[in-house]
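Work through the exercises below with the sequence and the structure side by side. Try each task before reading its solution.

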Amino acid sequence: MTTSHQDDAVRPAPIDCEVAVRRLWDYLDGRLPEIARAEVEAHLESCAHCPPHFDFARTMQRALAASSPPAADGDEDQLRERVRAALRRLADESR
Ligand SMILES: [Zn+2]
């Protein structure tokens with residue numbers, strides 16, 4: 001883990017919806033590097049149809065955390081894969 005505080009060294013690059021959605025779970029889990037998170041946030045501010053997806057995923061994540069017993073890693077991965085596929089379809093449809 002390197003800590004760099006050079007403001008002008010890294011700047012959020014424009015990303016498209018596909019990239020934003022691909023980073024969705026890591027973003028919600030707080031696992032994205034700072035620059036990647038900034039890129040996602042910049043995209044959400046300028047995009048009309050990604051924010052609802054992120055809201056939906058966040059709501060679902062909370063609901064799952066509240067309602068389900070701790071799942072084995074494999075189960076969780078499978079579930080995420082399904083949700084991810086569903087979100088990808090949504091992103092395609094609203095394009
Ligand atoms: Zn978008």
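**Exercise 1. The whole chain**

What percentage of the 95 residues of the protein count as buried?

Solution. The model is a predicted one.
- Step 1. Of the 95 residues, 13% count as buried.
- Step 2. The protein has five helices and zero strands.
- Step 3. Along the sequence these give the pattern α-α-α-α-α.
- Step 4. Take the contacts between residues at least 6 apart in sequence: 67% of them join residues at least 24 apart.

**Exercise 2. Helix α3**

Solution. 
- Step 1. Helix α3 covers residues 34-46, which is 13 residues.
- Step 2. A residue is buried if 20 or more other C-beta atoms lie within 10 Å of its own. In α3, E39, V40 and H43 are buried. They lie on the same side of α3, because they cover an arc of only 95 degrees around the axis.
- Step 3. An α-helix has 3.6 residues a turn, so residues three or four places apart point the same way.
- Step 4. E34 and E45 are exposed, on the other side of α3.
- Step 5. The partners of the buried residues of α3 are α1, α2 and α4.

**Exercise 3. Helix α4**

Which residues of α4 are buried? Check the length of the helix as well.

Solution. 
- Step 1. The 18 residues of α4 should span 26 Å at 1.5 Å a residue; the end C-alpha atoms are 26 Å apart, so the check agrees.
- Step 2. C50, H53, F54 and A57 are the buried residues of α4. These residues line one face of the helix, because they fall within an arc of 95 degrees seen down its axis.
- Step 3. The face turned away from the buried side carries the exposed residues P52, D55, T59, R62, A63, A66 and S67.

**Exercise 4. The nonpolar core**

How many residues make up the largest nonpolar core? Find the helix that gives the most to this core.

Solution. 
- Step 1. The largest nonpolar core has nine residues: A20, V21, L24, Y27, V40, C50, F54, A57 and L87.
- Step 2. Two or more of these residues come from each of α1 (17-22), α2 (24-29) and α4 (50-67).
- Step 3. The helix that gives the most is α4, with three residues.
- Step 4. For V21, leave out residues up to four places away in sequence; V21 then touches C50, H53, L87, R88 and A91.

Note on methods:
Residues numbered from 1 in each chain as written. Predicted model: local features only at pLDDT ≥ 70, side-chain atom pairs only at ≥ 80, totals over all residues. Core = buried A, V, L, I, M, F, W, Y, C linked by C-beta atoms within 7 Å. Buried ≥ 20, exposed ≤ 12 C-beta atoms within 10 Å, placed from the backbone. Helix = DSSP H or I, 4+ residues; strand = E, 2+ residues; numbered from the N terminus. Contact = placed C-beta atoms within 7 Å. Expected span 1.5 Å × (residues − 1). Arc of directions from axis to C-beta.
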